[in-house]
Amino acid sequence: QVQLVESGGGFVQAGGSLRLSCAASGRTFSSLAMGWFRQAPGKEREFVAAISGTGSITYYADSVKGRFTTSRGNVKNTVYLQMNSLKPEDTAVYYCAAGPLVVATPNYDYWGQGTQVTVSS
């Protein structure tokens, strides 16, 4: 029903920045909330950020608050995750997700395949 396309992952040195993009395609609703999660090797998936369908509500994990910002783009059902002041501990596979309600838990209906973010020291 919904496919999520991620881009923007890659390699960056500590202190650098990356911007991830996530776009939903298929039969989607304009009110879709979108979230960001990440998973490091051997670790469970953790919440990073989320934004409501209107863009008026955002949630951030304490570990990224003040460094990461999620926002709605000009294209419907598209979100960005601007990651600044990156740290090696931010290294993980980052996933975007979509669902009807913005939450800070993995309660989303659709998930992307993930994009690798590697931060070197």
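Predicted model: local features only at pLDDT ≥ 70, side-chain atom pairs only at ≥ 80, totals over all residues.
View 1. Cys22 and Cys96 form a disulfide in which the sulfur atoms lie 2.0 Å apart, where a disulfide is a pair of cysteine sulfur atoms within 2.5 Å. The pair links distant parts of the chain, since Cys22 belongs to strand 3 (residues 18-26) and Cys96 to strand 9 (residues 92-99), 74 residues apart. Strands (E, at least two residues) and helices (H or I, at least four) are DSSP runs, numbered from the N terminus.

Residues are numbered from 1 along each chain as its sequence is written, and side-chain values use heavy atoms, with hydrogens and water left out.

**View 2. Ser21 and the residues it touches.** Ser21 has its place in strand 3 and, at 17% relative accessibility, counts as buried. Leaving aside residues up to four places away in sequence, Ser21 touches Val5, Glu6, Ser7, Trp36, Val79 and Tyr80, a contact being heavy atoms within 4.5 Å.

**View 3. The largest nonpolar core.** A nonpolar core is a set of buried Ala, Val, Leu, Ile, Met, Phe, Trp, Tyr and Cys residues joined through side-chain atoms within 4.5 Å. Of the 35 residues in the largest one, Leu4, Trp36, Leu81, Met83 and Tyr94 touch the most other members. The elements that give two or more residues to this core include strand 1 (2-7), strand 4 (33-39) and strand 8 (78-83). In soluble globular proteins, nonpolar side chains tend to be buried together.

**View 4. Leu81 and its contacts.** When residues up to four places away in sequence are not counted, Leu81 touches several residues, among them Leu18, Leu20, Trp36, Val48, Phe68 and Tyr94. Across the protein chain, which has zero helices and eleven strands, buried residues make up 44% of the 121 residues.

Technical notes
Buried < 20%, exposed > 50% of the residue type's maximum accessible area, 1.4 Å probe, protein only.
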